[in-house]
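My entries follow in the order I made them.

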Amino acid sequence: MADLTTAIGGFHFDNTVMNGAGVWCYDERELTAVDTSAAATFVTKTATLDPRAGNPNPRMAATELGSINSMGLPNKGLDYYLDIVAQFHAKNPDKPYFLSTTGLKPEEFTPLFQKIAASNFSGLVELNLSCPNVVGKPQIAYDFDAVDRILTEVTAIYHGALGVKLPPYFDLVHFHNIADVLNKFDLTFVNTINSAGNGLVIKDETAAIAPKGGLGGIGGGYIKPMALANVRVLRQLLKPSISIIGTGGVQTGRDVFELILCGADMVGVATQLGKEGPKVFERLSTELSAIMDAKGYRQLSDFRGQLRVPAEQPVTVH
Ligand code: RRO
């Protein structure tokens, strides 16, 4: 087996695959299943200050190529996840865990992070600025000034390891815009990409899900090319101290390999984890290891970021 260990900031992990926030991470039962699988670690469901029921059903559908969801941030509230992560940490003091969180309105970010700062949480916080499914709320990370304001506020309060979950960007100028903002802060990581917002899946002349007129976040194979591009370009534009978790469209060890080739330090799995359950992590690790063995790579740093591009040109906009 090749060496699949990795690091994000000063945090060390004994594997390179983990869940993407939202899948197998709602409660203690689901988190335990991921914790005891081959996954490097887990990230919790995105926690809001207060518990939420989320959107009406049906709110998620799997398709042959991927998935659509409009869960609407169902979660058990920040206190629950702080408490549960503390319990996992007590059992596994050397294993770093991720807590995902977000504010539903601008005034919520300060109390959220005051609470986290006042707790004994010592892992990594993933600030979700890209949920596409809360009715009436825009995806924050498409508003670069809002990201700047929120990170200014949050980093004044919270001095632990902090990262941001990003939506897919599609225009090179937007990659520059977001990188310019993120590079102003002492972030530990970004996680790119969240689901691609506001897609539509039809089954038998009917929208597959109910909320928002059938619109929801698209995940799975549909979005792998966007995930690869977002990891690749952000790796080129972000300062080296910001690690990258690459998420989007992972179905095989080959997909994990390609995200690392684009520069990912860790790889998130969401739609396929939903389809296959936590045993997916063992399969992905075995497949990745076999690819590395065949190529003579002993560790991830042997190929991370080494994508070859014919006649490469720099990623710039004029
Ligand atoms: O709960 C959701 O509807 C959800 C969230 Br918070 C997110 O970040 N991404 C997604 O696809 N669904």
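**Helix pair H6 and H7**

I started with helix H6 (residues 224–237) and helix H7 (residues 253–261) in this predicted model. Their axes come within 8 Å and cross at roughly 25 degrees. Angles under 35 degrees count as roughly parallel, so H6 is roughly parallel to H7.

I then listed the contact residues. H6 contributes Lys224, Ala227, Leu228 and Val231, and these meet Asp255, Glu258 and Leu259 of H7. By class, the contact has 4 nonpolar and 3 charged residues, with no polar ones.

**Domain record**

I checked UniProt, where an unreviewed entry lists residues 4–292 as "domain: Dihydroorotate dehydrogenase catalytic". In the model, that span is 34% helix and 20% strand, and its end C-alpha atoms lie 10 Å apart.

**Largest pocket**

I noted about 840 Å³ of space in the largest pocket. Its lining has 42 residues, and Ala21, Gly22, Val23, Asn69 and Met71 lie nearest the centre. Elements giving two or more residues to this lining include helix H1 (28–35), strand E5 (66–69) and strand E13 (215–220). The largest share, 4 residues, comes from H8. I sorted the lining into 17 nonpolar, 19 polar and 6 charged residues.

**Second largest pocket**

Here I found about 360 Å³ of space. The pocket is lined by 21 residues, with Gly103, Leu104, Phe109, Pro138 and Ile140 nearest its centre. Helix H4 (residues 144–157) gives the most to this lining, with 4 residues. I counted the lining as 11 nonpolar, 5 polar and 5 charged.

How values were computed: Residues are numbered from 1 along each chain as its sequence is written. This is a predicted model: local features need pLDDT of at least 70, side-chain atom pairs count only at pLDDT 80 or more; totals for chains, interfaces and linings use all residues. Side-chain values use heavy atoms; hydrogens and water are left out. Axes are lines fitted to C-alpha atoms, for helices over the stretch in contact, and angles run from 0 to 180 degrees between N-to-C directions. Angles under 35 degrees count as roughly parallel, over 145 as roughly antiparallel, 65 to 115 as roughly perpendicular and the rest as oblique. Contact means heavy atoms within 4.5 Å. Ala, Val, Leu, Ile, Met, Phe, Trp, Tyr, Cys and Pro count as nonpolar, Asp, Glu, Lys and Arg as charged, and the others, Gly among them, as polar. UniProt positions are given in the numbering used here, feature names are shortened, and annotations may be inferred rather than shown by experiment. On a 1 Å grid over the protein atoms alone, a cavity is a set of points where a 1.4 Å probe fits but cannot get out, and a pocket is an open set with protein on both sides within 12 Å along at least five of seven lines; lining residues have an atom within 4 Å of a point. Grid points are joined across faces, edges and corners, and a volume is the space filled by probe spheres set on the points.
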